[in-house]
Amino acid sequence: MIKTAVCIVGAGPAGASASLMLSKLKIEHYIIDKAIFPRDKTCGDGLILHAYKSLLTLGLLDAFLTNSKFIHSKNINLYIKDNLNLQFKESEDRDMAISYGKRIDFDHFLVNEMSKQYTTCQFGSGVKNLEEVAEGIRITLKNGKQITAKIVVGADGIQSIVSRKLAGFIPNKNKSSTFISAYFNNVKMPLDKAAEIRLYYRKMPLFFYVFPLANNEVNVSLGGNTQKLLDNNINLKEEIESIIKTHPKVADKFIYAEQIGAWRGWGIPYHFKKQTICGNRFLLVGDAAGLANSFYKEGVGTGMMSGIICAKKIASCLKENNFSETFMSSYKKDIDNEFGKLLRFSEFALKLANFKAIFAGFARFSKKFVEKKAPGIIKKRSY
Ligand SMILES: Cc1cc2nc3c(=O)[nH]c(=O)nc-3n(C[C@H](O)[C@H](O)[C@H](O)COP(=O)(O)OP(=O)(O)OC[C@H]3O[C@@H](n4cnc5c(N)ncnc54)[C@H](O)[C@@H]3O)c2cc1C
């Protein structure tokens, strides 16, 4: 039986960032993942705002910027209608508003940076069970190994066993999106590598993303609210194939395109404030805490930043030798201070997007203001 002060379950961006921050704070810990890295994860592969802020905080921004697997652009185009778009542009003196990196590379980049001194990795066997015992939380892996920790971090994604077992998490299809994604090559992309995001209406708003990658491949994805997709009987694969073949503003770019691999689907949870994210001896981060942005789907950056905030909370728990629910509760406030306003505004924007004409009117009305404010907003929340 292994005993440790801290055990992180999940080594995606949220868990890896928690580990990197714990090491900066000189705190020894275990980190478990069912996968062996490099491992892939279905994603749009876009990195914005809090991803930059986290990389900067962790001292990894320069290594990220000089890594040839990641590329960068100053421009994001959000098309509300074919002839109405909002441009989120970085100012002349700054370098990027969005970066792109395949998750197989980005997550491996983070895992490779983990400390040899403070981190013990247990990769290749998933967590099967968690139970409270006198000394803490006992974690049992599928390979039979057991680890007892004073405090557990749930960084195990949307289907988190930690949040189910310790926080009583109940999945909520109204508070998550379902997306499908695939890689293509030979797609005609703009020279400035701008991100293309389109709102596309099919009885409900769907979000269509085209993100370029370092090897000239392109990540193409489509999705929307999980419950609404079910209610409206929408088949995402049929919809995205139809967009690529027939959409007047999209089809031209895909004339010579070749799909690499199959469409892959996965969920994006945004239930922050609706479910418990901390309690006696546990803290949840990233998708396990439902921290993805409901409107523009940033989940990597919010996951990383929550990992950093969580590591700081752990440092104070260990200092005070206090792992109680009451002591943990300030974590919720810290998360709210970091993301609360933005997550709430994004939920409001998503609700408004259900009303196509009103949303378009709102976008047209606020276009100049939003575009002028964009560089300031990016700067405040990123690097
Ligand atoms: C199609 C799609 C497109 C997206 N596009 C973007 C985008 O462009 N930009 C963006 O910022 N976000 C995007 N997201 C959201 C983003 O992918 C997630 O929010 C992000 O991966 C969350 O990181 P995480 O570390 O919390 O969880 P994950 O990345 O899911 O990592 C969880 C880790 O836990 C491990 N794990 C799971 N269960 C167990 C277990 N029982 N035992 C041990 N280990 C376990 C997994 O192997 C995994 O390594 C997208 C999501 C989807 C589905």
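What covers the buried residues of helix H4 includes helix H1. That packing is a handy way into this predicted model, because H1 (13-24) also turns up among the elements that each supply at least two residues of the shell around the ligand.

**Around the ligand**
- The shell holds 38 residues, and Gly12, Gly44, Gly157, Gly286 and Gly299 come nearest to the ligand.
- By class, the shell divides into 16 nonpolar, 14 polar and 8 charged residues.
- Along with H1, strand S2 (29-33), strand S12 (176-185), strand S16 (258-269) and helix H8 (300-320) each supply at least two of the shell residues.

**The largest nonpolar core**
- This core has 108 residues, and Cys7, Ala18, Val152, Val153, Leu284 and Val285 touch the most other members.
- Helix H8 gives the core its largest share, 9 residues.
- Setting aside residues up to four places away in sequence, Val153 touches Val6, Ile8, Val9, Gly15, Ala18, Leu283, Val285 and Cys310.

- Helix H4 spans residues 103-112, and its buried residues are Arg103, Phe106, Asp107, Phe109, Leu110 and Val111.
- H11 bends by about 60° at Ser366.
- Phe359, Ala363 and Ile378 are buried in H11.
- Those buried residues of H11 pack against helix H2 (49-57), strand S5 (75-81), strand S6 (84-89) and helix H10 (330-353).

- Ser306 sits in helix H8, and it counts as buried because 33 other C-beta atoms lie within 10 Å.
- Beyond its neighbours within four places in sequence, Ser306 is in contact with Ala14, Val285, Gly286, Ala289, Leu291 and Ile335.
- Ser306 and Asp40 are 266 residues apart along the chain, with 21 Å between their C-alpha atoms.
- Asn293 belongs to the loop between strand S18 (282-284) and H8, and it counts as buried because it has 24 C-beta neighbours inside 10 Å.
- Not counting residues up to four places away in sequence, Asn293 touches Tyr270, Glu298, Thr302, Leu343 and Ser346.
- From Asn293 to Thr120 the distance is 31 Å, C-alpha to C-alpha, and the two are 173 residues apart in sequence.

**Backbone features in loops**
- As a reminder, most residues other than glycine have a negative phi, and most peptide bonds are trans.
- Phe37 and Pro38 are joined by a cis peptide bond, with omega about 5°.
- Pro38 lies in the loop between S2 and strand S3 (46-47).
- Lys193 is not a glycine, but its phi is positive, about 55°.
- You will find Lys193 in the loop between S12 and strand S13 (195-201), where it counts as partly exposed because 19 other C-beta atoms lie within 10 Å.
- Asn321, also not a glycine, has a positive phi of about 50°.
- Asn321 is placed in the loop between H8 and helix H9 (325-328), and with 8 other C-beta atoms within 10 Å it is exposed.

Definitions and conventions:
Residues numbered from 1 in each chain as written. Predicted model: local features only at pLDDT ≥ 70, side-chain atom pairs only at ≥ 80, totals over all residues. Near = placed C-beta within 6 Å. Helix = DSSP H or I, 4+ residues; strand = E, 2+ residues; numbered from the N terminus. Nonpolar A, V, L, I, M, F, W, Y, C, P; charged D, E, K, R; others polar. Bend = angle between axes of the 7 residues up to and from the residue. Buried ≥ 20, exposed ≤ 12 C-beta atoms within 10 Å, placed from the backbone. Contact = placed C-beta atoms within 7 Å. Core = buried A, V, L, I, M, F, W, Y, C linked by C-beta atoms within 7 Å.
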